[in-house]
Each structure stands twice: as C-alpha cells, then as structure tokens.
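Welcome! Keep the sequence and the 3D view open while you work through the exercises below, and try each task before reading its solution.

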Amino acid sequence: MAYNITQKLIKDHLVSGEMVPGTEIGLRIDQTLTQDATGTLVMLELEAMNLERAKTEASAQYVDHNLIQEDSKNPDDHLFLLSATKRFGIYYSRPGNGVSHPVHMQRLAKPGKTLLGSDSHTCANGCMGMLAMGAGGIDVAMAIAGEPFYVKMPQVWGIKLTGTLPDWVSAKDVILELLRRYDVKGGVGKVIEYYGPGLHSLSAMDRHVIANMGAELGATGTVFPSDKEIRRFLKEQGREDDWIELVADPGATYDLNEEINLSELEPLIAKPSSPGNVVPVTEVAGTPIYQSYIGSSANPGFRDFAIAAEIVKGKRIAEGISFDINSTSRQMLTDLVKESHIASLLQSGARLHQAGCNGCIGMGQAPATGRNSLRTTPRNFPGRSGTREDSVFLCSPETAAASALTGEITDPRTLKMEYPKLKEPKEPTIDVNLLDAPLPLEEAKKVELHKGPNIASIPDMDNMPDNIEVPILLKMGDNISTDEILAGGARVLPYRSNLPEISKFTFEIVDETYYERAKEIAEKGGHAIVGGFNYGQGSSREHAALAPRYLGLRIALVKDFARIHWQNLVNFGVLPLTFIEESDYAKLEKGDVLIGEGLRNKIKQGKEFSLSVKGKNIDIKVKHALSDRQSEIMLKGGIINWVKARNISVN
C-alpha cells in the first residue's frame, strides 16, 4: 500500500485503534511542548501524578507568553516552572529565549517524530516532517507521563503546490489563501499535507508560517515532507544528524484534494475579527492604521524581519504610527543585529520588543481604542490584542512594512521600489545559552518545587450526576473563540495557576454578568450554555474549559465544537453535546432550564438521547461523540478523577 506522510507518521506511532477517519486512535508521543500560560497547570498535574521523570524522548517548557513583570506573579511562576523542569527532567527555555514554536524548530524538532503541545500553534512544527498537534495541558501531562494521546483519526487533506511566489507575495499569503477558500472550519477533522513542485521554492521557515496557521483552519495538524530543504535547515542549526528523509510514497492518495498555484497569488489580508475573513489587500487599501506589528510564531523567520527592514531602510514610518517589532527568538535577533537589519528598523522609527509572544497574546502592544492594527500574528479574535474594542487585520510582513511607511493599508506592490533580494546569514547563530538541558535523575530527585503565593491547587471536581436540572446562562452564536470564553492578555494570564482568580474573567467579553450569575448557582446543580458552529475555536488553553467547570458548567450544547476545546471539556467533566436537529437551537433561550434524567446510563449506552425544557413541553434531541474511554472519564467527572481511580484500582 502507498502511504502519504501523515499516514506513515500515524502508522509508526499507533498504539490503539484503527486508521479509520472519525474513530478514536491512541498515539505514542515522542516530544512535548508547554509554554508558561499553560505549563504551570501541567507541572502541577505532573506533581499530582507523582511522576518521577518525563518518559518522552524530549519535553520542553518555554517561557514566552507571560514576560511582563508588572508585579511578582509572573516571575514567581517562572521560578516554579524552572524548579519543576529540573525535578521532572524537562528542558527549560528561559525568558528572552524566544517563542516556543520557532525555538523548538531550531533546537529540538526531529523529522519522523510526534510532538504534542499545550499550545494550539504546536502544529507549526509539522514543517519539519513531524506530526505536531496542539492539545489541552492535561493531555500533554499524560503524554509526559508516558500515556498515549487519544484523538479522532483525521482525514488527510492533500494540498498540491505548484508555481513560485511572485515578488511582494510570501508564505503568509499562501495560508491566507487557504483560509479565504475554506474559512475557520475548513480543516476540522483533517491533517493538511502539502506536496508538489511548489515546495521547492519554500524554505523551512516559510513552511513554518504555513503550518502554524493550520490551527486557524481548525486542523488537527499540518504536515510537510522532510526533504533536502529540511536537511539544509538542520545542518545550519548544527543538527544534520537528526535528519531523515520522509516523503509520500509514489502513488499515495489523499482523502481530500486541493491545489494552489503559488504564481497566481496576490497580497491578502484578514479583516476583523476572524482569520477567515480574507480579502485581497487591494480591497481595503487606503484604510488608515494606528499600528503595524511584525513578529509572532506566524511569521517568525529571519526573512520575515529582514524583508521589512529592507523595505523601510533609509525611510521614515508615517507620523503617528506605532511600528512594533517582536523578534521571535534570541538566536534570530542576534542574526538580525549582525546583518544590520535591526538598525534599519530602528532608524525608520520602529519600536523593538523582547523575544516572545508579546502582543500576539495581548501581553503588551495593545492598540488604541477605535484604531486599526495591522499584524502578522495568527489571530484577530475580538479582544485578543488586549484592547476590548479592537480592530485587527492579519497580513504578511511585506504588507505590514509598506503600510507602516504610508500610515494606511497598502498593497506592497504599489511601493516605488524593487522587491528586496535578501541574503541569508553566511554563518547563522546557534544559541543554546538560554535553553537548560534536563538534570540527571539523581540530581533531579533532590529538587524541591518552588511555589509562589499565586499558585493554587485545582479544586476537587464531583462525578457526573445522574439527573440534572440546569438553567442556560448564555446563548451564543457561531465561532465563539477561547479568547472570548476566557481572555488572554496581561490582565488575565498572570492568574493562570490560580483557578479561583482567573475564573472571574470567564465570558466577560460575551456577558459581564456571567461570573456572578454562575457563581451564585455553582453549588445548586450548576448551569448550561448554548452555542452555534465551531464553538471553542482558537487557543488550546484548558482554562477555557476549567474555569467554566469551576463555576458550575455541566453541559455545553452547541451545533459543533472545535477539536481541542471539545477535548478539554471532556477532560474536565463538562458534557459536550450537539444538536441532532440544528433547528432546535432556535427553540432555546437564555434562562430556559434543561432537564436530563438517567444521564449516566444514557451516556454509556448510546450516542443519542433527549433533554427536556422545563415548563415548555419541548424535547431537544442531542448527541455526544465520546468514545467508551471518554464516557468513563465523563462519568468520573473528568480525567483527574479518572486517573486517581485507576491508581486506586491498581493499588
């Protein structure tokens, strides 16, 4: 049988299930990635499991999100993460070393391996011929402890690339084109695999740009071949021995097919407030902007900054523009300094920020109220920038730099200059000074965890009740993101290891009264929420499931779910249900009370059942997509209780 690359990766790591799309499979995980906005809970979960040492080939904890030291919360948690990585045998990337995804690509990623990360953009490392997937923190903790990762077997979506990119068009425009065609649900239940002659002109970092925003399509992952270009990249990083060739077999087929002719692409832009709201730059050219922002894991490469530097070299940015440069790794920043690109950016009027996620997650660089922000980041969900009434556009570095010069959204092809021809550094920097390797086991055993005052243990969760009577506290529309469920940013993320505090921000963008209303009835049976399509799109942060659960959320009833959030709801004992008849959505209102009787047996015995609406003589037909294993987890009230029960039964 001829296999594509995705099938090869899954086949080589399959520990349970069959490779039939839509059925649950268990995969062996070789590497894990955590970042500081999600990793604190992961480390607390490892402590609760009494883990002695990470059982993966390589696990890494990155400090890249919570870099602002406004008070002691972030630095205290960084010390906790440092102590935990020493204790559990995990790499530790210090503050300032850079964003997890490009740093992992530079230093640890290996073709042919699986990578699971508690960050939805972990899929970026699929550029290296890996099966790289985002997941909730508890799933990553289980993988670190040596447990398989369970996921629905995806379809494989083959995207054939032909042609070469024209001047002023770059890799960001490739993924924006796919979003233009298929929107934010287009990749749900799929791994996107790129192939074809067009690959030959795309560098490893270009592929990273494309793979990164597979998350915005809702894809399980994105896979590129490990070819001569990946070998060149690894050699450049001093890691050529880590390279293996991994390509599709001759005659390999795909479940779905699409083709993109790179030669036909033009500069594209995603309008507020969705990555799928894509139009040609020409359609919005002339729109005034306040900010132009370059950086993030969605454009992390040397060329992404260098091309912007060459565009603005010897010029001045427009009056009143905040031109923000967010370098993505210390190693990259060093090369940009050596090649004088940082000097060109600064002389143009740019503001240089530390290597990290920064404004991408709302951790600084928030735009002014009522003004437009142009960004090379992967997401523009409402409020994600740190400004609640934000207006964020997503674009390429070329478009961002051109617009910084003019003060309005500008098609870079209209600049009166030749497209810059870049030269890669002759001897790229290899920097491992801020990436601490795991301690030997005997030394690790002596390490005590350093817990600051902001760390609070996860409260106990009760089992799924057999009978429920819960009011609907919120009714929402389509594409509700995890940023709307629980915002990121400098106000919120410092409480990532303190569930009672972070829960106060839950759904504040949707309804400021939610927290008080939910808290009031949390001990009286809890509540339900109702939503539309693609509920929970975006970040993998498990706080978006855990905080509502802490506030008494028992049922999430929607038209359909984004993959990672659905799995996080299961992991924390929130029953995720979908309408069998989508028209029933219109029958429910905020304040209605849902009644479920004999739920435990209904969950175990079938996929479909009915909920009644109190006082309305209405039955709502619903279904769940839980596997037998997940049904057990749900009845126990979540995966933590399930793990504890397994340990007790073993003892």
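**Exercise 1: Two loop residues**

Gln365 lies in the loop that links strand 17 (351–353) and strand 18 (372–375); strands here are DSSP runs of E with at least two residues, helices are runs of H or I with at least four, and both are numbered from the N terminus. Before going on, note that this is a predicted model, where local features need pLDDT of at least 70, side-chain atom pairs count only at pLDDT 80 or more, and totals for chains, interfaces and linings use all residues. Residues are numbered from 1 along each chain as its sequence is written, and side-chain values use heavy atoms, leaving out hydrogens and water.

Task: Is Gln365 buried or exposed?

Step 1. Recall the cut-offs: buried is under 20% relative accessible area, exposed is over 50%, and partly exposed is in between (1.4 Å probe, protein chains only).
Step 2. Gln365 has a relative accessible area of 16%, so this residue is buried.
Step 3. Look at its backbone too: phi of Gln365 is near 60 degrees, a positive value in a residue other than glycine.

Task: Is Asn617 buried or exposed?

Step 1. Find Asn617 in the loop between strand 26 (608–613) and strand 27 (618–623).
Step 2. Its relative accessible area is 80%, so Asn617 is exposed.
Step 3. Phi of Asn617 is positive as well, near 55 degrees, and Asn617 is not a glycine.

**Exercise 2: A pair of helices**

Task: At what angle do the axes of helix 10 (residues 302–312) and helix 13 (residues 397–406) cross?

Step 1. Axes are lines fitted to C-alpha atoms, for helices over the stretch in contact, with angles from 0 to 180 degrees between N-to-C directions.
Step 2. The two axes cross at roughly 30 degrees and come within 9 Å.
Step 3. Helix 10 is therefore roughly parallel to helix 13 (angles under 35 degrees count as roughly parallel).
Step 4. Contact means heavy atoms within 4.5 Å; among the residues making it are Ile307 and Ile311 of helix 10 and Ala401 and Leu405 of helix 13.

**Exercise 3: The core**

Task: How many residues does the largest nonpolar core have?

Step 1. Such a core joins buried Ala, Val, Leu, Ile, Met, Phe, Trp, Tyr and Cys residues through side-chain atoms within 4.5 Å.
Step 2. The largest one has 102 residues, and Leu557 is among those with the most contacts inside it.
Step 3. Helix 5 (residues 137–144) gives the most to this core, with six residues.
Step 4. A second, separate core of 84 residues includes Phe224 and Leu336.

Key
Parallel < 35°, antiparallel > 145°, perpendicular 65-115°, else oblique.
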